[in-house]
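Q: I would like to learn how to read a few features from a multi-chain model. Where do we begin?

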Amino acid sequence: MADISRTGVAEPSAAPGGTPQSDPAQAAVLRRAYRGEFLRFVAVKFSGALVSLVMVVLTSFFIFRVLAGDPVDAVVGDTPATPEQVAAIRERLGLDEPMGVQFWEYLRSLFTMDWGTSYVSDKKVTTLLWERLPATVLLTATAMILAAAFGTWVGARSGWRRGSTGEKVQVGVSLTLWSTPTFWLGMIAIVAFSVKLGWFPVNGMHSTRGVGDGFWDEFFDVAHHLVLPALTMAAVLYAQYVLIMRTSILEERGNDYLTVARAKGLRDDHVRRLHAVPNALLPTITLAAAEFGTIFNGSVLTETVFSWPGLGLTFYQAIKIPDIPLLQLLFVFFAGTTVLVNFLAEIFYRFLDPRVRRSA
Amino acid sequence: MTPVLDIDDLRITYHGSRGPIPAVRGVSLTLDPGETLGLAGESGCGKSTLAAAVLRLLPPGTEVTGRILLDGEDVLTMGWGRLRAVRWARASIVFQGAMHSLNPVQRIVRQIAEPIVLHEGVERAAAEDRAVELMAAVGLPAWRAKSYPHELSGGQRQRVMIAMALACSPDLIIADEATTALDVMIQAQVLRLLKSLVAERSIALVMISHDLSVLTDTCERLAVMYAGRLVEYGPAHEVFTTARHPYSEGLAGAFPTVGDTAARRRPRGLPGDPPDPAALPGGCPFHPRCPVALDACATTDVTLLDVRPGWRAACLRVPATKEADV
Amino acid sequence: QDDGGKKVLVVGKVGLNDFEDLNPLDSGWVIQGEINNLMYEPMMTWGQKDYAPAPGIVEKWEFSPDGKTWTYHFDPKAKWSDGKPITSKDAKFTLDLIKGNEVLAGSETSLVDPITSVEAPDEHTLVVTLDKPSGIMNHMNNFHIMPEHVWSKIAKPEEYQGEPGQPTSGPFTLKEFRPKERVVLEANKNYWRKPVAYDELVFQNYETAEAAVQAMQAGEIDFLDSLNPEQATALEKTKGIKINRAPSRHLDMLEFNTGAQTRSGEKLGDGHPALEDPAVRQAIHHVIDKDQLIERILDGNGTPGVGLVAPIFPNYYWDPGADKVEVSAEAGNKLLDDAGYTQKNGDGIRIDPRSKRPLSFRLLYHSDRPAYADVVDFLVTWVKELGIELKPESKESDPLNKDGDAGKFDITFGAWNFGPDPGEDYEYYTCDRGRPEKAEPTGLTMAFWCNEDFDTLQAAEVAEPDVTKRGQIVKDMQKIEYDQAPQIVLWYDYALEAYSGKWTGFGTLPSSGGAIARQQSYYGYAQAHLVGGDEGDGGDSGSSTGVIAGAAVAGVVVIGGIVFFVQRRRTVGERE
Amino acid sequence: MTQAVVPVTEPLLSCRDLGVRFRAPGGRTARAVDGVNLELRPGEILALAGESGCGKTTLARTLLGLERPTAGEVFFRGRPLGYRGKDLKAYRREAQLVLQDPTGALNPRHTVYEAVAEGLRIHGLHHDERERVADALSRAGLRPAEKFFMAYPHELSGGQRQRVVIAGALVLDPTVIIADEPVASLDASVRGEILALLLRLRDELGLSAVVVTHDLGLAWNIADRIAVMYLGRIVEYGDVDEVLTRPRHPYTRALVSILPDSPVGEPQILTGEPPDATQVPGGCRFHPRCPALRDGSAAAVADDCRRTRLPVLGEPGVACHLRARPA
Amino acid sequence: MSTTESPPPPVPADVIKSSGSERPQSARAIVWFRRRAAFGAFCRSYAKHTSGVIGLVVLLAIILATVLAPLYTDRADLNAATAPGGRMESPSGEFWLGTDRTGRPILTMIVWGARVSLQIGLTAAVIAVAFGTVVGMVAAHYGGWLSWLLMRVTDWFIVLPAFILSIALVVALGSASKWVIITAIALNSWATTARLVRAQTLSIEGRPYLERTRALGAGDWHQMTRHVLPNLMPLVLASATLRVSAAILSEASLAFIGLGDPRSFSWGIILARAQAEGAVSYGAWWYVLPPGLAILALVLSFTLIGRTMESVLNPRLRDDR
Ligand SMILES: Nc1ncnc2c1ncn2[C@@H]1O[C@H](COP(=O)(O)OP(=O)(O)OP(=O)(O)O)[C@@H](O)[C@H]1O
Ligand SMILES: Nc1ncnc2c1ncn2[C@@H]1O[C@H](COP(=O)(O)OP(=O)(O)OP(=O)(O)O)[C@@H](O)[C@H]1O
Ligand SMILES: [Mg+2]
Ligand SMILES: [Mg+2]
């Protein structure tokens, strides 16, 4: 009885789910559906990244303004200041304002991209950031490219040849590198290759005495300085990439499609190169992105040991003082970049990997 | 006429972490062109191992003895280059579980075309055209060519696998539990498709399953394996209905015929548990579970005995039943 | 020395990173001052012989009997690096500028405050009138005068960052300024005194002393200061490097919280009350074996500390002579017993009879100075003999200073670069500073110490225009401090400096064995020259070896790759 | 025992207008169960059959109270099922679940004893625990029970594991067992044994059971009645002998037809994929795949098939426009 | 890395029979017996991993050396005032690894420093893992906005450059005391565990045996304590082991940056001191190499142990060593 009344209710008309194969229009329908889902995915991830960024910004304020106190001493230098000077400095830095006002100022500074001036110089900290950024990019990118290229290559091979002596050696080397304190490795490298052998400059990015004025003179000078820090920094990253790639390959290796590929008559290294590696690379991207933050960790230590004039060194210098506005900006920069990279990696990954293009 | 597949006294032993596992223990089989053979047996009896051995796809370190002739050529002794040439061109495999047998990040057309490019040296584009034709043959529309495996349903994926298996016009297709994971209705669809394609192109088919009724429906001949050995081998329908080996009989009984009043409210099965290949009992390996075991069964290792030409069973009782039959 | 025949002196610096600007009128950091001193000749400078005020741009000067009117006569030869003459107008401009600018005046209060007027009756004469006599006018704090024709156009002089190419009065001009990295000075070819004997002076930053020492060992730099004893030893052993061990004006000390309170007597912070008693402080002084510390920590590179003035200032240095506090636990214990600290608790720690608290003091030390950490070990061990306990606490410099300002400590470490003018330095030990007005942290009050006799002397010292008389007063002040012990100066450590054997002639201050770097003058670098005159040397061959090494590394990688490949080929069969 | 209390005619477990919806990805709604009326009589074995994804598992779980219905109600002994903790707990002493995959259904870290005793412990029945466990195990065919007490699941064969799961259900003396594909993951040769066990339990203990399966042969083997589901609805419901030998719904007919030696002649293979619960067609849910519509034998009611919804099947019968109006 | 159920290791088949025939054992005794057997099997399977065994041996050696330190070294030697050696002595029969500038024997420093490094590493790891486990389990079990929030925070912590955040925290808190360092490190490493635990909890909760338990009427508590947690523990343990090595490295790096208590003798501090005292340029390799190698050895041993445990417990990585 109740049933009958319910039969009258109009139902959504049939969706083409029943007979899917024969309708070419469905390709378009599906594509549209996937695209919609992709956009929704992007939106979700984007809002997540946004929340993360907001958290970064808040954390930065909390850590450096609330936890860390009054940095006047850092500003005045070696010679002591009079109370009047101190007051003047506090006023100039806005430190005499109540926390709420400081927070408001802070928020405003975010939107105007005006992060204030460094405590130790009268320069804008953003200027300092831009000045030091290229050196960091050069170093980290070199290290990353080196590490990623060699790491994934070696990782893929050792994963593929699991149990072989070569694999054991590779994994052993990687684990050892992973366990080595970066700064110590740098110290040892300097002593061995610069001081004792004299192959590379001790530190810095340019020769102390200046080189010729030509582009190539400078290029080789910088490249020469780059070798040790880049290798030092690459060591840990390399280990990471080897281990990540190896794991991905191992996960991939158990899959039947590789047996199928072999059964089709592909030779072993084609199976690896055409099937296993591309598929294993995809999860590697996400994993590598998740480890992206460690690059900054490494850059602080490496740049410090090698006096490489990048952001890591700037951060270290700012700690020593501590130069709060600079630290604040660097913190937001490091964390923000990491958040962004992860966001992009997720999107990119989803874009690349058809397996996850559809969440259903 | 050379048989497509001629296996002689094949023995395969895995050397895993748990010690040697004799997965296949002396199997001999021949298959003529266009012939269809069903290979049945419960889990772990060595069916997939046997299939993989045909293309020498076993993991390194596996011990293989005996002889496998593919079109008269011994697979076990051929060089790697020749082996690669033979794989897929002579015999192809439709693997257990299509979900994992397709590369998830390659478009299916590319995967179907891959062996064509490899073995016939044609251009990618031409091979892909052929792939689309093959897809049509298995009932997949051309617009699906650019799909990724996860965009397809289970049945469609299995069709892709079949298209792929047909790609190089092999003489032999081995379908290892090609339909087990599918729903009944889809299973019926795929089976019918496979059957017609194989018949159309007179390809020999080895079909592996543990479902005797499916095999009986699809294949001319039936081979039942138990603990790495063939225990019965004969015409499909006869083996299914009047099995001479108690194991085959038990297995057949597990699949009742709807409408058969004898089976109504009377499920049948074998007592006991499947054997552990690493620790097989002495004598006839089936005797601990055998409802009609003789004392001799515990000590005599029975080999295949003729029931009648083309029908053999590995049971001590075979001659007796044969008499009774007469 | 370098390519193209350019002669370059490369100086390694640890701490070039502390500042980001080079404002000659506002040098908060020693290194800033050092660099500015190389570019700007002061009106009067510190005599190289004994730190006595000596002519700079000003040839000679005199003051009126009441010490309130000072007349300076400018050297007519003096000119800016752009060729324009340096006149008293420039000086007047600069003094007026400082006086009228709050920020700049802030760092020159003792100079600027007493000035009532500055007149330049002619190009070569400057007359400064004061409202009270001031000893500073003898050297005017080494302050730099700026060219009016340039600086009058600078809108915000306090924000001047240091720009290359600006006219200077000293031996160098600024060529390149990369904050935190590198400062390049170019020899001032128009220098009106003797121009320097090389072309460029580079200050290269190093994050750590170690890095700099390694660069020195690798021949990348020619000069390096602020070495620690091990580094000096290490460099001494390196071929072609020479070491200068020279007494300096730097000292390390212990400071006591002598009872932080405001002027109205309100208590500040949480210092231990027993430290208000000079007997306790002096008792501690008795167990500190400065010679042993110098031997063990500094490897002998230092002299035992007395007062704030280091022995390199003969005019001001006070030698305690017979009054010297002897190293004797016995004497210390007697002092404490006599002062009534006779009771001990179960752990053998003396009890303060007034507050009933055991004599257990917190000792703050800087977490980034390992030498202090080692001194702490000695102190803890030594004071135990007095029945006193020390509880060491390490802190970063910044929070440590903050605790110091707030009086939240018992004993802390401190360091000081004295002078050369005693006036400002001793200002910090007057009651004005020791007793802040309000009960809140004020910044840089020292031991919260207050002694009226000392204050009287300080007032007299500041106002004494006669250099010798002033010296005597300063000595008397030191004696009071030594007796009262608001702080215990541990040592005056030596400046340990290394220079390349290719260079020589560095001018030390004082000339009889002083430091080369961190001077308040330009002698150190300006007098240097290459050994054997003009002969430039090809520098190190680092870059070519580097290329070779790079090629070698690449080679190894390539070979490794080939080996890998070949090996894989061989095993390919087994893996299919 | 229990049969004496409950009159034979009154159903032990039933449901009325049961509906379960899930939120599916992409903001869609999956109507997994969409209007089901069902009755389980005491001592009866009811088979629930149908293609993958038609809602069998969901229905079974809802009957057990593991899933809360979004519409309709479940009745046990005539009373609506409560979803408060206490009510559910009481219900769960009476209705037990047997899952498809015995390997997964046993915690690999628990011994057989612990696995079987778990139900007793949850319900605080500490008295005679050992005896009860032993009894349940031997009733499930694991004899001597003590031999298995300390075994871990991975030391047992698949059939033995399923027996342990059944013993775990029996230990609480339930009246109803709901078995979701109880033998699907077992080896063919041991399947029969487990089914025989279920039959025996019914005969000996008077247990009622709902057996979810996609294998009609299995239903033929043990069930008394069968309900064939399609897309969240029951399309045909009746005695096994009746439904499987003379299927009336085209869907049931197709299912039966593809069996080997099928009693209905020519196999009718349905084209297309299994239906999607997020996209339920209007009219008769089966119409897009209906062979009767396709071959024209249902031309008379074709319009109804496409437009008119069928009433929910309340008692044995068939939900088909073709059968509703005998042609 | 996805992790799957870790079935207990294979137990010899005869166990069933033997325990069956000797009936009168108490349930508790049987459980203990089974646990011992399982543990034995775990050990056997662990022992097959050479690298894991090496890691374990090294770790045990380090721990032994640390625990026995008072027997063969004198803590007073580390007091600058009572240090026995001369200035920067190179290794000799008396001082195997030489001395620092105040005459402290480096070997003694390293041996006592191991205590600090281990203590900081272990404490930070334990705090991080405990916290991470709770967060992960709560997030997995309760779902809804709480879970969403927890996972956002977790992801955030995973993504952030941990070392930078640690530095920022220590700088902000102003003091580099042991607890500040521990907090800073722990705060930065709980998230990995939380994510792992959440994934694992979700996977365990999705297992049929939990469904069965629920069908039997079990409540949350029963499910968590009887099923989820025991299945989680091995993995958490393996994860904790890996956390320790990360924590030790973080501590050393922080100390090197200058954030550490200079009077303690953690290995990072020793290296920082060596750097500050000019040991490298002095050529005092005995001051620079051993602490670094010690860090390397300890971190590596924890890593090897953790990885081995992971691969023993995770069948996917297990197939063949
Ligand atoms: N790589 C291997 N290493 C060791 N043992 C193996 C390996 N592959 C299979 N086995 C063992 O060999 C035996 C036969 O396995 P096989 O896969 O051939 O069985 P199957 O008959 O195909 O079973 P199913 O019906 O489950 O697919 C099993 O006992 C299995 O455990
Ligand atoms: N928790 C859930 N969330 C969302 N959708 C679900 C959920 N459970 C089931 N569904 C959907 O409900 C429908 C019915 O599922 P159910 O598992 O009941 O089918 P089934 O008949 O048991 O299938 P099978 O034979 O494959 O076990 C399916 O479309 C499924 O996708
Ligand atoms: Mg198989
Ligand atoms: Mg189901």
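Q: Which residues does A:Leu177 touch, not counting residues up to four places away in sequence?
A: The model is predicted, and the contacts are computed from its atoms. A contact means heavy atoms within 4.5 Å. Leaving out residues up to four places away in sequence, A:Leu177 touches A:Ala235, A:Val236, A:Tyr238 and A:Ala239.

Q: In which helix is A:Leu177 found?
A: A:Leu177 belongs to helix α7 of chain A, residues 165-179. A:Leu177 and A:Ala234 are 57 residues apart in sequence, with their C-alpha atoms 9.8 Å apart in space.

Q: Is A:Leu177 buried, exposed or partly exposed?
A: Buried means under 20% relative accessible area and exposed means over 50%, with partly exposed in between. A:Leu177 has a relative accessible area of 21%, so it is partly exposed.

Q: Which residues of chain A does the UniProt annotation "transmembrane region" cover?
A: An annotation comes from a record, and it can be set beside the computed secondary structure. The unreviewed UniProt entry gives "transmembrane region" for residues 41-64, 133-154, 175-202, 222-244, 280-306 and 326-349 of chain A. Two of these spans can be described further. Residues 175-202 of chain A are 71% helix and 0% strand, and the end C-alpha atoms lie 27 Å apart. Residues 222-244 of chain A are 100% helix and 0% strand, with the end C-alpha atoms 31 Å apart.

Q: What is the general idea for reading which way residues of a helix point?
A: An α-helix has 3.6 residues a turn, so residues three or four places apart point the same way. For a case in chain A, take helix α10.

Q: How many of the eight residues of helix α10 of chain A are buried?
A: Helix α10 of chain A covers residues 256-263, and six of its eight residues are buried, so this helix is largely enclosed by the rest of the structure. The buried residues are A:Tyr257, A:Leu258, A:Val260, A:Ala261, A:Arg262 and A:Ala263. Just after α10(A), A:Gly265 has a positive phi of about 105°.

Q: What do the totals for chain A look like?
A: Chain A has 15 helices and zero strands. Of its 360 residues, 56% count as buried. Its accessible surface is about 14300 Å², and 68% of that belongs to carbon and sulfur atoms. Among contacts between residues at least 6 apart in sequence, 75% join residues at least 24 apart in chain A.

Q: Where in chain C is C:Asn205 found, and what does C:Asn205 touch?
A: C:Asn205 is in strand β10 of chain C, residues 200-206. Not counting residues up to four places away in sequence, C:Asn205 touches A:Gln317 of chain A, together with C:Lys13, C:Val14, C:Gly15, C:Leu16, C:Asn17, C:Lys180 and C:Glu181. C:Asn205 counts as buried, at 5% relative accessibility.

Q: What is the secondary structure of chain C, and what does its radius of gyration say?
A: Chain C has 18 helices and 19 strands. The globule rule gives 25 Å for 576 residues and the radius of gyration of chain C is 28 Å, close to that value, so chain C is as compact as a globular protein of that length. Its C-alpha trace spans about 85 × 85 × 45 Å along the principal axes. Of the 576 residues, 60% count as buried.

Q: How many positive and negative side chains does chain C have?
A: Chain C has 59 positive and 92 negative side chains, and the centres of the two sets lie 3 Å apart.

Q: How does the reading go for chain D?
A: Chain D has 15 helices and eleven strands. A compact globule of 327 residues would have a radius of gyration near 20 Å, and the 21 Å of chain D agrees with this. The C-alpha trace of chain D spans about 65 × 45 × 45 Å along its principal axes. Buried residues make up 65% of chain D. Chain D has 41 positive and 40 negative side chains, and the centres of the two sets lie 5 Å apart.

Q: Is B:Thr261 buried or exposed?
A: B:Thr261 is exposed, with a relative accessible area of 61%. B:Thr261 lies in the loop between α10 (246-253) and β11 (305-308) of chain B.

Technical notes. Residues are numbered from 1 along each chain as its sequence is written. Chains are lettered from A and ligands numbered from 1 in the order in which they are written. This is a predicted model: local features need pLDDT of at least 70, side-chain atom pairs count only at pLDDT 80 or more; totals for chains, interfaces and linings use all residues. Side-chain values use heavy atoms; hydrogens and water are left out. Helices (H or I, at least four residues) and strands (E, at least two) are DSSP runs, numbered from the N terminus. The radius of gyration is taken over C-alpha atoms; the globule rule is 2.2 Å times the number of residues to the power 0.38. Buried means under 20% relative accessible area, exposed over 50%, partly exposed in between (1.4 Å probe, protein chains only). Lys and Arg count as positive and Asp and Glu as negative; His and the chain ends are not counted. The place of a charge is taken as NZ of Lys, CZ of Arg, CG of Asp or CD of Glu. UniProt positions are given in the numbering used here, feature names are shortened, and annotations may be inferred rather than shown by experiment. Accessible areas come from the Shrake-Rupley method with a 1.4 Å probe; for residues, only the protein chains shown count as cover.
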